[in-house]
Amino acid sequence: MIKREIAPQVWSFVVNDWNRRLFDSLIPLPDGTSYNAYLIRGREISVLVDTSDAAKIPEFLTALDNEAPVDFVIGQHVEQDHAGAIPAVMERFPRATLLCTPKAKGMFEDHLHIPPARIRTVADGETLPLGGRTLRFVHTPWVHWPETMCVWLEEDRLLFTCDFFGSHLASTDRDAVDECRVYEAAKRYYAEIMMPFRGQIRNHLDRLGKLPVRAIAPSHGPIYPKPAFIFDAYRDWVSESCKNVAVVPYVSMHGSTERMVQRLVGRLAERNVTVFLFDLAVTDLGKLAESLVDAATVVFGVPTVLAGPHPAVAYAALLANALRPKARYAGLLGSFGWASRMVEQVQGLLSNLKVEFLEPVLVRGCPRDADLEAVARLADQIAERHARLL
Ligand code: FEO
């Protein structure tokens, strides 16, 4: 636990989870993560913004041992990595009330079993005077659950955002000083949970962007003392403009699909299209998700298994479909032994994507020169469409 005073009478409590390698039993965490809570003391009222993951309750409670009680615990988000310690904190401070959005109230009751009598909901824009300083609650639904909100500390111009702008990054740095590292982690985090809600996030950026923010304090990863850094990054990610990038997730069982994929990558490179290639047998799906944030095209390389797509590709397609990237074009190439319904099945898995499906290249057995020429033509189509986009 790292406790720091980040402004007069405002402290961060950072629990680094250095060795966590998976979130939601789904998302890889190559750099661990942190759970950040914030204690704000006014002259009359004290609040605790968020808590910690349930797995870190003992560490979190120990950090609160010498703290005077708080009047309110603010639950910006119900997910257990921030709210997991709320029941224990409410027990530690029996006079405290939990503040949350109306949408969050029932969720706190269901997920954390917080008694309804100890919850008070706050309206969008409502203020809470603490004595000498003022909190304002800003509802920001769907980043990335429906109940989420931010908290604005007006006099100090601090914006507390929970997952919004966060990064899965265990770090001893208080601030985002290593911007390259934080950018990468924040983009990856955006891709994994925020990307499906691009439209809502764009609206929140417009609204929050009007505040004279001095620093952004998320509940994962370091603080942003230069808010423009992460605001600008988010504006880019949520925009409708794509980059000249093709993402190629694939699997190959006996080398046929691999040969086609390599021909595709070579030709795209010759045509100056940036390619991110992922062998799904070994790749990190978080990295794949991150690459989908900007890409104009995604091409799946798919061997046929029992007449359908290789399950590893089906899984990646299901994930891409759930993340709803802004790609404009999608392609399929692959091989089969005797029969295949791979194309229609994979296209069916990608029904959320607003893409033009390019002519697939499906080969029986090992690709011949004519098949590789068809792959090259697919690459040419991609390059030509990208040229029209940019
Ligand atoms: Fe960091 Fe959605 O929890």
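Biologist: How many residues of domain 1 are in contact with domain 2?
Modeller: In this predicted model, 14 residues of domain 1 touch 15 residues of domain 2.

Biologist: And where do the two domains run in the chain?
Modeller: The domain assignment puts domain 1 at 2-238 and domain 2 at 246-389. Their C-alpha centres are 38 Å apart.

Biologist: OK, on to the inside. Which residues touch the most other members of the largest nonpolar core?
Modeller: That core has 64 residues, and the ones touching the most other members are Phe165, Ile201, Ile230, Tyr234 and Phe300. Helix α5 (residues 179-194) gives the largest share, 8 residues. Domain 1 and domain 2 each put in at least three residues.

Biologist: What is Phe165 in contact with, beyond its neighbours within four places in sequence?
Modeller: Leu205, Leu208, Ile216, Pro218, Tyr224, Ile230, Phe231 and Tyr234. Another core, of 30 residues, lies apart from the largest one, and its members include Leu64, Ala88, Ile114 and Trp145.

Biologist: Switching to helices: at what angle do α6 and α7 pack?
Modeller: About 145 degrees, with the axes of α6 (residues 198-208) and α7 (residues 227-238) 10 Å apart. The crossing is left-handed.

Biologist: Which residues make that contact?
Modeller: From α6 you have Arg198, Ile201, Arg202, Leu205 and Leu208, while α7 brings Phe231, Tyr234, Arg235, Trp237 and Val238.

Biologist: How many of those are nonpolar, polar or charged?
Modeller: The α6 contact with α7 has 7 nonpolar and 3 charged residues, with no polar ones. Ile201 and Tyr234 belong to this contact, and both are also among the residues touching the most other members of the largest core.

Note on methods. Residues are numbered from 1 along each chain as its sequence is written. This is a predicted model: local features need pLDDT of at least 70, side-chain atom pairs count only at pLDDT 80 or more; totals for chains, interfaces and linings use all residues. Side-chain values use heavy atoms; hydrogens and water are left out. Axes are lines fitted to C-alpha atoms, for helices over the stretch in contact, and angles run from 0 to 180 degrees between N-to-C directions. Helices (H or I, at least four residues) and strands (E, at least two) are DSSP runs, numbered from the N terminus. A crossing is left-handed if the near helix is turned anticlockwise from the far one by less than a right angle, and right-handed if clockwise. Contact means heavy atoms within 4.5 Å. Ala, Val, Leu, Ile, Met, Phe, Trp, Tyr, Cys and Pro count as nonpolar, Asp, Glu, Lys and Arg as charged, and the others, Gly among them, as polar. A nonpolar core is a set of buried Ala, Val, Leu, Ile, Met, Phe, Trp, Tyr and Cys residues joined through side-chain atoms within 4.5 Å. Buried means under 20% relative accessible area, exposed over 50%, partly exposed in between (1.4 Å probe, protein chains only). Domain bounds come from an automatic or database domain assignment.
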